[in-house]
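Reader: I am new to this structure. Please take one part and go through it closely.

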Amino acid sequence: MMNTRRAWPKAILFDLDDTLWPIAPVILQAEESLFAWLREHAPRVAERFTIDTLRQARLELLARKPEFHLDLGKLRQAGLLAAFQEAGEDAAKVEHAMAQFFAARNAVVPYDDVLPGLLRLKNRVLVGSISNGNADLRTIGLSHHFKVSVAAHQLGVAKPDAAIFHAGCRALGVAPEEAVYVGDDVLLDVQGAQRAGLRAVWLNRTGSAAHLEHAVAPDAIVADFDELIGWLQREHAEHA
């Protein structure tokens, strides 16, 4: 019987937050760490605001200035500047507050399957990342696993725009059809990548059926890196 398996992709690009590590508990902890810093170093802000009212103010600012969607770090900084000014605190302290937040925001813990999976992949394909978030792979200690990392706040365009997927492919020197994108969001990651000409794998750790709700057909659905690598091996011929 003729072997109909296609060649391995030349590159695999990953989303970061909620694909390689859970992000919601990290953000909650980072906001608590920031607010503890505010109590000590900017008490007038801590007296006037709570974590929730600061969050609500950011959402209102984002509604007025949707361009902040490209850089949620800048949104947080702008929200803090407004809060410091309203409370009569020294705005020069905002830079230190942001450093406190980002240190905690990057204290992520990868899912158990991520590091072994990246090690298995990096000798077979080019590995990159494309993210709308502000994770710093160097701070996290994972940058050496990725040949390129493309971030929306640096590029000025965010998923699901095809331009950010094409930028990742160009950085790796591959065509979109030679790459696979892996992410947890069926619209931003799967649909966005497919519309940009990449194949897309939905890394669905929760057993969600969101692809049915949104009528998205991923090229594969996997629960972890083991299943991702299993799909690659089943569907693709080995390198010659």
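Author: The lining of the largest pocket divides into 11 nonpolar, 6 polar and 12 charged residues. Here Ala, Val, Leu, Ile, Met, Phe, Trp, Tyr, Cys and Pro count as nonpolar, Asp, Glu, Lys and Arg as charged, and the others, Gly among them, as polar. The model is predicted: local features need pLDDT of at least 70, side-chain atom pairs count only at pLDDT 80 or more, and totals for chains, interfaces and linings use all residues. Residues are numbered from 1 along each chain as its sequence is written, and side-chain values use heavy atoms, without hydrogens and water.

A pocket is an open set of points on a 1 Å grid over the protein atoms alone, where a 1.4 Å probe fits, with protein on both sides within 12 Å along at least five of seven lines; lining residues have an atom within 4 Å of a point. The largest pocket holds about 800 Å³ of space. Its lining counts 29 residues. Nearest its centre lie Asp-17, Leu-72, Arg-105, Asn-132 and Gly-133. Two or more lining residues come from each of α1, α3, α4, α5 (94-105) and α10 (186-195).

Take α3, residues 51-64. Helices are DSSP runs (H or I, at least four residues), numbered from the N terminus. In α3, Leu-54, Arg-58, Leu-61 and Leu-62 are buried, meaning under 20% relative accessible area with a 1.4 Å probe, protein chains only. They sit on the same side of α3, because they cover an arc of only 100° around the axis, taken from the directions from the helix axis to the C-beta atoms. Their cover includes α1 (24-41) and α4 (72-87). On the other side, Asp-52, Ala-63 and Arg-64 are exposed, that is, over 50%.

Methods
The expected span of a helix is 1.5 Å times one less than its number of residues. Contact means heavy atoms within 4.5 Å. Grid points are joined across faces, edges and corners, and a volume is the space filled by probe spheres set on the points.
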